[in-house]
Amino acid sequence: QTMPDGKVYVFGGMSCMAAACFTNPADVIKTRLQIHGELSTAKRLTLWETLGLMVRQEGMRSFYKGLTASLLREGSYSTIRMGGYENIKTYFSNNGNSEMPLLSKILAGATSGAVGAAIANPTDLIKVRMQAARGVRYNSIAEAFVSIVRKEGWRGLYKGVGPTTQRACLLTASQLPSYDTFKHWVLREGWMSEGRPLHFTASMVAGLACAITTSPVDNVKTRVMNQPIDAAGKGTLYRNSWDCAVKTARAEGLLGLYKGFIPQWLRIGPHTIVTFIVFEQLRKLAGMAPV
């Protein structure tokens with residue numbers, strides 16, 4: 001099988017950037033819910049309570065906090081994971097995408113997701129901090145980079161890289177293979193034909209799979225990245241992602257790891273739908289075969 005065209009990288013990044021513009025409000029709400037009542041048994045805010053507080057205290061613009069960092073993240077991380085998935089798949093099979101074993105697709109997704117997340121961690125870190133801040137923490141991405149390096153050192157840009165990479169492994173290993181496999185299964189069964197209705201349906205399945213598998217790790221990632229730091233630039237609440245997961249479960253119960261699940265689903269579901277519909281249309285316009 002020939003290696004996929006390099007345009008698949010560009011189209012992957014473009015489609016995820018388009019999705020980020022649409023889903024940023026849900027991403028901000030999810031982040032706020034994940035850090036609310038951190039390591040305490042305080043009453044959890046509901047989705048509607050969080051939304052109301054944001055509107056009253058910060059205005060409607062708060063829903064688009066961190067958008068520039070989010071776009072930069074998608075333009076790097078998702079460009080690598082979306083394009084890398086198809087390239088890595090070619091090493092596992094010689095008889096086409098539709099015949100490839102599910103395990104091979106999962107391995108391809110986990111690998112491309114991990115590489116993309118590890119490289120793009122600084123943009124994810126800045127996005128989380130911008131979205132979590134109730135005031136203005138950084139005026140721009142450039143200011144954020146400079147501030148983090150000055151206060152926390154260059155290693156500070158890679159704070160939370162462990163849970164970020166773990167989340168990306170799970171996300172890409174569940175999102176792309178589930179879309180790929182479900183779509184081709186429906187086509188083989190003859191229930192639907194290639195087109196936007198099928199892309200929408202397969203995207204919904206992939207989005208749900210993503211939300212279920214990544215929510216606990218996403219929660220840990222947010223908390224590790226957003227925790228206070230001491231004079232040496234080290235986190236004051238958690239030593240690492242495992243420490244965060246254990247402390248969260250002890251203080252808030254296992255369901256504490258699923259804090260913010262509804263907005264996580266409301267974000268990743270539409271994000272996945274927009275991503276794949278745009279991705280498939282860009283491929284069609286360029287004369288490339290569908291996923």
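Guide: His271 counts as buried, at 2% relative accessibility. Buried means under 20% relative accessible area, exposed means over 50%, and partly exposed covers the range in between, for a 1.4 Å probe and protein chains only. This is a predicted model, in which local features need pLDDT of at least 70, side-chain atom pairs count only at pLDDT 80 or more, and totals for chains, interfaces and linings use all residues. Residues are numbered from 1 along each chain as its sequence is written, and side-chain values use heavy atoms, with hydrogens and water left out.

Visitor: OK, and where is His271, and what does it touch?

Guide: His271 is located in helix 9. Helices are DSSP runs of H or I with at least four residues, strands are runs of E with at least two, and both are numbered from the N terminus. Not counting residues up to four places away in sequence, His271 touches Cys16, Ala19, Ala20, Thr23 and Glu74. Touching, or contact, means heavy atoms within 4.5 Å.

Visitor: Which residues of the largest nonpolar core touch the most other members?

Guide: They are Phe11, Met82, Leu176, Tyr179, Phe276 and Phe279, out of 16 residues in that core. The elements that each give two or more residues to this core are helix 1 (7–35), helix 3 (67–89), helix 6 (161–189), helix 7 and helix 9 (261–285). A nonpolar core is a set of buried Ala, Val, Leu, Ile, Met, Phe, Trp, Tyr and Cys residues joined through side-chain atoms within 4.5 Å. In soluble globular proteins, nonpolar side chains tend to be buried together.

Visitor: What is Phe276 in contact with?

Guide: With neighbours within four places in sequence left aside, Phe276 contacts Met82, Gln175, Leu176, Tyr179 and Ser203. Another core, of eleven residues, lies apart from the largest one, and its members include Leu125, Ile141, Leu157 and Met225.

Visitor: New topic: how many aromatic pairs are there?

Guide: A search of the whole structure finds five. Rings of Phe, Tyr and Trp (its six-membered ring) pair if their centres lie within 6.5 Å; planes under 30 degrees apart count as stacked, over 60 as edge-to-face and the rest as tilted. One of these pairs is Tyr179 with Phe276, which is stacked, at 3.8 Å centre to centre and 5° between the planes. This pair links distant parts of the chain, since Tyr179 is in helix 6 and Phe276 is in helix 9, 97 residues apart.

Visitor: At roughly what angle do helix 4 and helix 7 cross?

Guide: The axes of helix 4 (residues 102–132) and helix 7 (residues 196–226) cross at roughly 80° and come within 9 Å. Axes are lines fitted to C-alpha atoms, for helices over the stretch in contact, and angles run from 0 to 180 degrees between N-to-C directions. Helix 4 and helix 7 are therefore roughly perpendicular to each other. Angles of 65 to 115 degrees count as roughly perpendicular, under 35 as roughly parallel, over 145 as roughly antiparallel and the rest as oblique.

Visitor: Which residues meet there?

Guide: Asn121, Asp124, Leu125, Val128, Arg129 and Ala132 in helix 4 meet Lys221, Thr222, Met225 and Asn226 in helix 7. The residues of this contact comprise four nonpolar, three polar and three charged. Here Ala, Val, Leu, Ile, Met, Phe, Trp, Tyr, Cys and Pro count as nonpolar, Asp, Glu, Lys and Arg as charged, and the others, Gly among them, as polar.

Visitor: And where does Arg137 lie?

Guide: Arg137 lies in the loop between helix 4 and helix 5 (141–152). Arg137 is partly exposed, at 36% relative accessibility. Beyond residues up to four places away in sequence, Arg137 touches Arg129, Glu143 and Asn226.

Visitor: Last one: what does Ala120 contact?

Guide: Ala120, which lies in helix 4, is in contact with Ser76 and Tyr77, leaving aside neighbours within four places in sequence. The C-alpha atoms of Ala120 and Ser76 are separated by 6.1 Å, although the two residues are 44 residues apart along the chain. Ala120 is buried, with a relative accessible area of 5%.
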